[in-house]
Amino acid sequence: MLRLPDDRSAGRGSVLIGLIGAGIAESRTPAMHEAAALAAGFSLVYRRLDLDLGPDLPLQELLELADWMGFDGLNVTYPCKQAVLPFLDELSENARAVGAVNTVVLRDGRRFGHNTDIWGFTEAFRDELPDVPRTRVLQLGAGGAGSAVAFGLLSEGVGELRLFDPDRARAELLAREMAELGKGAEIVVVEDAGEAAEGCDGVVNASPVGMQKMPGMPLPAAAIPADAWVVDVVYFPIETEFLATARARGCRVMGGGGMALWQAVRAFELFTGEKPDRRAMREAFARASRLMAGAEE
Ligand code: NAD
């Protein structure tokens with residue numbers, strides 16, 4: 001764990017964190033980390049290293065630069081979650097299992113990769129949908145978020161996981177990786193999401209469909225089982241059309257905000273060795289969301 005000086009009020013223990021990814025201007029993660037540090041009484045600066053705006057450097061060189069500039073840690077998002085793996089010294093068990101990293105702790109010249117998306121999804125699921133039935137669950141989307149969600153669902157005891165992705169090869173790859181975990185669940189790649197939803201206790205959208213920039217529904221309204229619980233990991237907007245439709249059909253729902261919050265909570269712990277004030281992070285998330293929504297209008 002990062003060792004911070006005891007007397008942080010003297011300003012000697014500042015922390016520098018970055019987010020590497022493309023199109024990350026609207027990420028709420030910087031605001032959450034800075035608010036948590038403020039609440040804890042030390043200084044943390046969180047910078048976006050946006051690949052769409054920055055110098056055209058290979059990821060390896062970017063990491064070397066971050067080391068050299070004294071960054072204490074990095075969050076990593078699309079399109080780098082898998083690409084970063086070859087440049088890390090150690091991987092947590094979860095990150096190795098899903099082959100994706102969203103948090104890199106930089107310490108003593110070494111790089112430690114973690115996947116806090118898994119923890120984020122699982123904590124949010126336990127918090128918001130405790131005790132829901134989980135015999136059969138349909139998951140839409142088998143990309144970066146999808147692998148964390150599938151791992152989380154299997155860890156939470158889902159009996160049969162039905163995976164749909166228009167890119168069938170991605171769904172098949174994820175199915176193989178999840179089968180290797182040996183959690184005892186049946187994992188089925190499905191061709192028709194609407195048909196596969198029938199008889200499911202839960203439906204999870206882990207695809208980008210419904211994002212501000214990709215409006216629409218990942219499943220037709222009529223295919224959402226009325227007695228199912230529904231999760232949407234999309235968090236911009238917080239209330240997607242899919243979530244609103246499921247709610248109107250009487251489903252219990254969980255949006256993407258909880259997962260986004262909890263992944264940041266765990267990353268903050270890994271970066272600083274401190275448990276953050278979750279309320280401060282939640283408020284920062286909400287504030288940043290309001291600001292960004294306002295900016296879009
Ligand atoms: P990705 O590009 O890695 O994967 C998306 C996958 O969805 C692809 O395999 C694609 O083929 C598939 N897909 C596209 N249309 C589909 C459809 N109609 N039905 C089923 N699958 C479909 O993207 P990602 O990183 O996995 O991100 C997906 C979404 O999850 C984004 O909206 C992202 O913002 C969100 N996300 C949320 C959190 C959170 O904390 N709440 C964390 C990570 C990602």
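A word on ground rules before we start. The model is predicted, so local features need pLDDT of at least 70 and side-chain atom pairs count only at pLDDT 80 or more, while totals for chains, interfaces and linings use all residues. Residues are numbered from 1 along each chain as its sequence is written, and side-chain values use heavy atoms, with hydrogens and water left out.

The protein splits into domain 1 (9-115 + 260-296) and domain 2 (118-255), with bounds that come from an automatic or database domain assignment. Their C-alpha centres lie 26 Å apart. Domain 1 brings 14 residues to the contact and domain 2 brings 17 residues, where contact means heavy atoms within 4.5 Å.

The size of an interface is often given as the accessible area lost when the parts come together. Here domain 1 and domain 2 bury about 1,500 Å² between them, with 64% of it on carbon and sulfur atoms. That buried area is the accessible area (1.4 Å probe) that two parts lose on being put together, summed over both. On the domain 1 side, Arg28, Val98 and Trp262 supply 35% of the area buried against domain 2, more than any other three residues.

How many salt bridges does the rule find across the interface of domain 1 and domain 2? It finds one. The rule asks for a side-chain nitrogen of Lys or Arg within 4 Å of a carboxyl oxygen of Asp or Glu.

Side chains of opposite charge can pair when their charged atoms come close. The structure holds 15 salt bridges. Glu26 lies in the loop between strand E1 (15-21) and helix H1 (29-40), and Lys213 in the loop between strand E10 (202-205) and E11, so this pair ties together parts that are 187 residues apart in sequence. Helices (H or I, at least four residues) and strands (E, at least two) are DSSP runs, numbered from the N terminus.

| Pair | Distance (N to O) |
|---|---|
| Glu26 and Lys213 | 3.8 Å |
| Glu269 and Arg266 | 2.7 Å |
| Arg279 and Glu283 | 3.3 Å |

Lys213 is exposed, at 68%. Glu269 and Arg266 are three residues apart in helix H9, which puts about one helical turn between them. Glu269 is buried at 12% relative accessibility, whereas Arg266 is partly exposed at 25%. Arg279 and Glu283 both belong to helix H10 (residues 278-296), four residues apart, again about one turn of the helix. Arg279 is exposed at 61%, and Glu283 is partly exposed at 40%.

There is also a network of salt bridges that links Glu123, Arg126, Arg134 and Glu156.

**Inside helix H9**

Leu261 is part of helix H9 (residues 257-272). Is Leu261 buried or exposed? At 3% relative accessibility, Leu261 counts as buried. Leaving aside residues up to four places away in sequence, Leu261 touches Met32, Arg278, Met281 and Arg282.

Two cis peptide bonds are worth a look. One runs from Tyr78 to Pro79, with omega near 5°, and Pro79 is found in the loop between E3 and strand E4 (90-91). Another joins Phe236 and Pro237, where omega is about 15°; Pro237 lies in the loop between strand E11 (229-232) and helix H8 (241-248).

Then there are the positive phi angles. Asp108 is not a glycine, yet its phi is positive at about 50°. Asp108 lies in the loop between strand E5 (103-107) and strand E6 (110-114), and is exposed, with a relative accessible area of 75%. Asp131, also not a glycine, has a positive phi of about 65°. Asp131 lies in the loop between helix H4 (116-128) and strand E7 (136-140), and is exposed at 74%.

**A nonpolar patch**

Leu65, Trp68 and Met69 make a nonpolar surface patch of about 380 Å². Patches are made of residues with over 30% relative accessible area and no salt bridge, with like charges joined within 9 Å and nonpolar side chains (Val, Leu, Ile, Met, Phe, Trp, Tyr) within 5 Å. Accessible areas come from the Shrake-Rupley method with a 1.4 Å probe, and for residues only the protein chains shown count as cover. Met69 lies in the loop between helix H2 (59-68) and strand E3 (73-76), and is partly exposed at 47% relative accessibility.

Terms used: Buried < 20%, exposed > 50% of the residue type's maximum accessible area, 1.4 Å probe, protein only.
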